[in-house]
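Have the 3D view ready.

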Amino acid sequence: MLKKIILFICTFMVIYTFNFFIPRLMPGDPFSYTSSVSGEDIDGISEADLETMKAYYGLDRPIGAQFINTISSNLNGDFGQSIHYKKSVIEVIGERLPWTLVIMISTLVSSLLLGVSLALVGLRRKKMDGLIYTTATLLSEIPAFLIGILLLFLVAAQVKFIPLSGNVTPFKSFASWPAYWFDVFIHALLPITAMVIITTPIFYFTARGSFLNVLKKTYVLNAKGKGLSEKQIRYKYIVLNGIFPVITRFFLSVGACLGGTILIENVFAYPGLGKILQEGVMYRDYVLIQGVFLISSLMVLTASFIADLINEGLKKTRGINQ
Amino acid sequence: METLINVNALSVQYKEGFTLGPISFAMQPGECLSIVGESGCGKSTLAKAMVNLLDHNARVSGEVSLQGQSLLNLSPQKWEAIRMKRIALAFQNSSEVLNPLLSLGEQIKEILKKVFPKNSVKKRSEQLMEMVGLNPEVLTQFPGQLSGGMLQRYLIACSIALTPQLVILDEPTSSLDMHTKNEIIALIKDISRNYGVSFITITHDLGLARDISEKVMVLYKGTLLESGNTDEVLESPRHPYTRGLINASMDIQPYRDIWGIQHVCECDQPEMGCPFFRRCHQKLNSCREHKPALMIEKNDSSRRIACNRGGIVTLLEGYDLCKKYGSKAVLGNIDLQVSSGEIVSLVGQSGMGKTTLSHILGGFLACDQGTILFENEVADFKALHQQKKGLQMVFQDPETALNQNMSVYNCIAEPLTLQKSETPETLWLKVEQILTDVGLPSSLGFMNQKVKTLSGGQKQRVSIARALTMEPKLLIADEPTSMLDASSKANLIRLLKGLQNKHGFSMLFVTHDIACAMKISERIYLIKGDEGIQEVKDPTKILDYFKGEAKPSSHASYFQDTYHQPAV
C-alpha cells in the first residue's frame, strides 16, 4: 500500500515537472499575443512595456527560479493568475471544470451500463453477439470529433429543439430548476452521445472478454450442476466475477475520456476545460495551461489509484491470489 | 429391488475426435461403483454426460435412466428439479470449482434453499460442515481462504446436501491427507449403507476404489476394458491394462516396486482396432482391425472384459510334474501357470528342487511324469529354444553358461547367426541395440573383448543379452544374481524388471531370496520339494517359513566336551 502511495506521488511529480516545462518550450510568449487578434503580431508594445509585463508575471527570472517559485506558491494554494483571462486560474478552472465533469461522468456511466448490457445480450444470443461485435469494432475506430461533426450535421442541424452549441441557452431565465436542468441536458446531449458512441465499445469489449472468460470456469458448470436457474448463474456467477476488469477499465478510461471530451467540447463549443485549454495554448497562457494540465493529471492519477485500490481490497478480503 | 440408474450404450462424440463408449451398466440403490483409468480416459466425460453437463460440441447418444425416468433429453427446467435432489455431481477439486466471490455459506445456501425452508438453511449448512469434519465458521469464509483439503470436504458436503439417491464424486480424495481421506471414505460408506445412497467414484487411485466401492469399471481411451467386483478385479485382473494399473499403484502394492505401463508413441494407433493395441504385449495382428466387445467372462458372470484374446493369456502351464533322482523323489505334484507379461517367482529353500524345476520348465531336463503346455499346446522345447518368440533361459552361473573364449559380439550374436535370419548389417545393429538395452558399452572394442575378461556382473548381462536376442515370450531366470554383490545385484534386477516392463515378456524368476521376489514379482510360488508347490497370496506370511532356528540338541553333544561352559 505504502509502495502504491509513493509511486503515486513520484508519478505526480514527474507529470508536474513536465506540466511546467512543456508550455514554455512552445515558440512565442504570452505577451506577443495579449494585444493581438488571433495570434497576429503587432508592433504596439514597446520593449519597456514588455519588460514591465514580464517582470509583473515573474517571467524575467531564470527558468529554475520560476519553477521553484511556482512550486512554493502552488504549495500555498496559489495557482497564479491567468495571463489571458486576467483572473486567478482557480477561478477560471472552477467555472469550467463542472461542465467537463458533466460530460465525462455522464459518458462514463452510460457507456459502462450500455457496454455491459450489450455484452450480456450477446452472451444469451449468439447471432446478436456477432452483430454487436462487428458494429462495436467499426465504431471504436472512428475518432470522437468526427462523430461529433457528423452529429452536428445529421442531428443538430435537422432537429429543431437540439441546439448546435454551448452549455445553456444564453440570456434565458428559467422558471424552475427542472427547466434549467432540461436545458443543460439538451445542450449536453450531443457531446455526450458522441462520446458514448466511442466509449461504449471499450466497455463492451472488456465486459464481453471477461464474461466469456468466466464462462469457461468450472464454477459456472458447477453452478449449473447445482441446478441454479440461468438468471442466478448469469448475475451471481458471471457478472459478479466478470465485472472487475470492467470496473478497472472504468477508472482507467478517465484519461482517454478526458482527452475525448477536450476535443468534443471544441466541436460543440461547449465551455469546459477543453475550450480554455485550447485558448490557453493559443495565447501561450503558461499559467492556465499548467493549471488545466494539473487538474487533468490529478483526475487521471486518482482514477487509476482508485482502480488499484478496488482490485487490491477485493483480493485481500476474498483471499484471491491472482 | 428396483434398478437405480441404468446406462445403456451411452456414448459421447467430441468434434475434436475423442469418443467415449458405448458404455452400459446398471446400479442398484446403495451400491458403490468406481470408474478408474489414467488421466484423459474419459472418466469425467462419462460423469458429465450422465448429468447432462457437457458442452455443446459433444454429441451424446444412448440412454440414461434414473428409476425408469429417461434423463438425456429432459428440458433444462426438468433437470433443475433433478439436480442435487436426486442426482448430484461433486466436481474435482480445483481453485476454480467454487465462485471465488461468494462465501461458502452463500454457496451452500443456494442449494439448500431449493428444498428446505429458509429458517432452517443456516442450521442445516452447519450440520453438513460438521458432518464432513469442517468447522461451521468456514461458512463465512471465501473459497480462496481455504486449503485444498477443506474445499474438497466442502464439495462433498454440498453434493449430499439435498439427500440425492445417486452422488457422482470426481476424484473426491485427491488433495486429502491419509487420515482425512479415510474419514471421508468412512463417511461415504456410512451414508451409503444407512440411507441406501449410491455413489459413483471417479478416480485414478485404485486404493480409493478398493476402499470405497464394491464394483469397478476400468476405462481406457473412452472404452470400457474390464468391469467386475472390485476385490476380484484388483486381486486377479483379467485385462493387461488393469494389471498395468495395479502394478503402477502404490496403495495396492505396498512393498512392490512401482512400474508404469509403457508409454508408446501414439502414431500408428489403429482407428478401428483395440484401443490398447499400442501398449499391449500380447496383441495379435487381428487386434489392429478388430475392436473387442465387452464380454462376460466364462467362469465369472460378474466380470466383463473387452479383449480379443479373452484377457491375459496363460503362457506356460505345468500339470502334475514329478521328478526322481534314482529312487529319491525330488519334485512331486507340481502344478503352476505363468501368464503372459507377468513375473512369477519361484522361491524355496535350497535343495527343494528349484533349479530342477526351472530346468524342467525350460526344457533342459525331462520330467518323469506330467505335462507342460506352452500357449495351450504341449511344449516343443526344441522349437521354442531355436525360434524367436519362444523360451529362453538365463542360468545361475554365467561362467559356465557362456563360452569364455568367445568374443562378446559372437557370444550374443550366436543364436541369431544359427537362425540365419539376419544379414550381417542388421545383426550388427541388433547386437549394438541389445548391448545398450542391458547397459553395456556398444563400442567395437567391447564387442571384441573375450567374455572371460569381463566381471561377473557384466557376464550376467551378456547372458541376458544373449537370451533377449531371441525376443522370448518367456524368460526363465535361475538365480541370476546369486553370484553378484549387493549393488550389482540391485542393478541387474532393476535392469531385468525394466526390460520386462519394456518388452512385455513373461519371466519365471527362481530365487531363494523372498525379499527380492516380493519386490519384483506379481505372483510367488513356494516350492516344497516332493510335497508340491503352493501359490503364496500374502508373501509377508511366508517370511516365517524362511526363519531359521538353531537347534541346541544338534550342537550340544558335539561341543560340550571341548568348549568351556560359559560362567553363569
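At what angle do helix α5 (residues 89-124) of chain A and helix α11 (residues 273-282) of chain A pack? Keep in mind that this is a predicted model. The angle comes out at about 135 degrees, and the two axes are 8 Å apart. That angle makes α5(A) oblique to α11(A). Who's touching whom? On the α5(A) side you'll find Val92(A), Ile93(A), Arg96(A), Leu97(A) and Thr100(A), and they meet Leu273(A), Gly274(A), Lys275(A) and Ile276(A) in α11(A). Sort the residues of this contact and you get 5 nonpolar, 2 polar and 2 charged.

Now hop over to chain B. Here 6 strands make an open sheet with mixed pairing, in the order β18-β19-β20-β15-β21-β22. At the edges sit β18 (391-394) and β22 (533-536), each pairing on one side only. On average, neighbouring strands are turned by 20 degrees against each other, direction ignored. Strand β21 (residues 523-527) of chain B pairs with β22(B) in the antiparallel sense over 4 bridges, and Leu526(B) stands opposite Gln534(B) in β22(B).

| Helix | Angle to a strand |
|---|---|
| α10(B) (residues 354-361) | about 155 degrees to β19(B) |
| α17(B) (residues 486-503) | about 160 degrees to β20(B) |

Finally, the largest nonpolar core has 78 residues, and Phe25(B), Met50(B) and Ile200(B) are among those touching the most other members. Helix α5 (residues 148-159) of chain B gives the most to this core, with 6 residues.

Terms used: Residues are numbered from 1 along each chain as its sequence is written. Chains are lettered from A and ligands numbered from 1 in the order in which they are written. This is a predicted model: local features need pLDDT of at least 70, side-chain atom pairs count only at pLDDT 80 or more; totals for chains, interfaces and linings use all residues. Side-chain values use heavy atoms; hydrogens and water are left out. Axes are lines fitted to C-alpha atoms, for helices over the stretch in contact, and angles run from 0 to 180 degrees between N-to-C directions. Helices (H or I, at least four residues) and strands (E, at least two) are DSSP runs, numbered from the N terminus. Angles under 35 degrees count as roughly parallel, over 145 as roughly antiparallel, 65 to 115 as roughly perpendicular and the rest as oblique. Contact means heavy atoms within 4.5 Å. Ala, Val, Leu, Ile, Met, Phe, Trp, Tyr, Cys and Pro count as nonpolar, Asp, Glu, Lys and Arg as charged, and the others, Gly among them, as polar. A nonpolar core is a set of buried Ala, Val, Leu, Ile, Met, Phe, Trp, Tyr and Cys residues joined through side-chain atoms within 4.5 Å. Buried means under 20% relative accessible area, exposed over 50%, partly exposed in between (1.4 Å probe, protein chains only). Two strands pair if DSSP finds at least two bridges between them.
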